[in-house]
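Q: Could you take a close look at one part of this model with me? I would like to begin with the open space and then move on to the charged side chains.

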Amino acid sequence: MRTTLTLDDDVAAKLKTESQRSGRPFREIVNETLRRGRESRRAIAQRRAFKVTARVLGNLKPGLSLDNIAELIEHVEGSPHR
């Protein structure tokens with residue numbers, strides 16, 4: 001298929017440089033680059049979402065809570081931790 005494509009100057013320069021370096025036609029370099037871009041976007045879309053699994057951390061000593069981490073650290077390490 002033949003089509004007209006307007007490229008930014010920096011993109012065109014990089015593609016032209018690659019074409020000259022590799023000795024392959026500009027058209028081939030553009031097509032290969034577009035295919036790679038589509039494949040990488042597809043791979044990103046197929047990644048599974050990160051999932052966090054909650055775990056029971058056991059019982060804390062009376063008076064301690066995981067809701068106030070600073071207080072918990074101070075209790076374990078002492079007040080000079082800051």
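What is the volume of the largest pocket?

A: Happy to walk through it with you. Please keep in mind that this is a predicted model. The volume of the largest pocket comes to about 320 Å³. Its lining is made up of Met1, Arg2, Thr3, Leu5, Leu7, Phe26, Arg27, Val30, Asn31 and Leu34. Sorted by class, that lining has six nonpolar residues, along with two polar and two charged ones.

Now to helix H1, which covers residues 9-22. With 14 residues at 1.5 Å a residue, helix H1 should span 20 Å, and because its end C-alpha atoms are 20 Å apart, the model agrees with that expectation. The expected span here is 1.5 Å times one less than the number of residues.

Arg21 and Glu18 form a salt bridge in which the closest N and O atoms are 2.6 Å apart. Both residues lie in H1, three residues apart, which is about one turn of the helix. In general, an α-helix has 3.6 residues a turn, so residues three or four places apart point the same way. The two partners fall into separate accessibility classes: Arg21 counts as exposed because its relative accessibility is 60%, while Glu18, at 26%, counts as partly exposed. The cut-off that matters for Arg21 is that exposed means over 50% relative accessible area.

Arg24 forms a salt bridge with Glu28, where the closest N and O atoms are 2.6 Å apart. The side chain of Arg24 also meets that of Glu32 in a salt bridge, at 2.2 Å from N to O. Salt bridges with shared partners join Arg24, Glu28, Glu32 and Arg36 into one network.

How accessible are the members of this network? Arg24 has a relative accessibility of 25%, so Arg24 counts as partly exposed. Glu28 is partly exposed as well, with a relative accessible area of 32%. Glu32 has a relative accessible area of 24%, and is therefore partly exposed.

Conventions: Residues are numbered from 1 along each chain as its sequence is written. This is a predicted model: local features need pLDDT of at least 70, side-chain atom pairs count only at pLDDT 80 or more; totals for chains, interfaces and linings use all residues. Side-chain values use heavy atoms; hydrogens and water are left out. On a 1 Å grid over the protein atoms alone, a cavity is a set of points where a 1.4 Å probe fits but cannot get out, and a pocket is an open set with protein on both sides within 12 Å along at least five of seven lines; lining residues have an atom within 4 Å of a point. Grid points are joined across faces, edges and corners, and a volume is the space filled by probe spheres set on the points. Ala, Val, Leu, Ile, Met, Phe, Trp, Tyr, Cys and Pro count as nonpolar, Asp, Glu, Lys and Arg as charged, and the others, Gly among them, as polar. Helices (H or I, at least four residues) and strands (E, at least two) are DSSP runs, numbered from the N terminus. A salt bridge is a side-chain nitrogen of Lys or Arg within 4 Å of a carboxyl oxygen of Asp or Glu. Buried means under 20% relative accessible area, exposed over 50%, partly exposed in between (1.4 Å probe, protein chains only).
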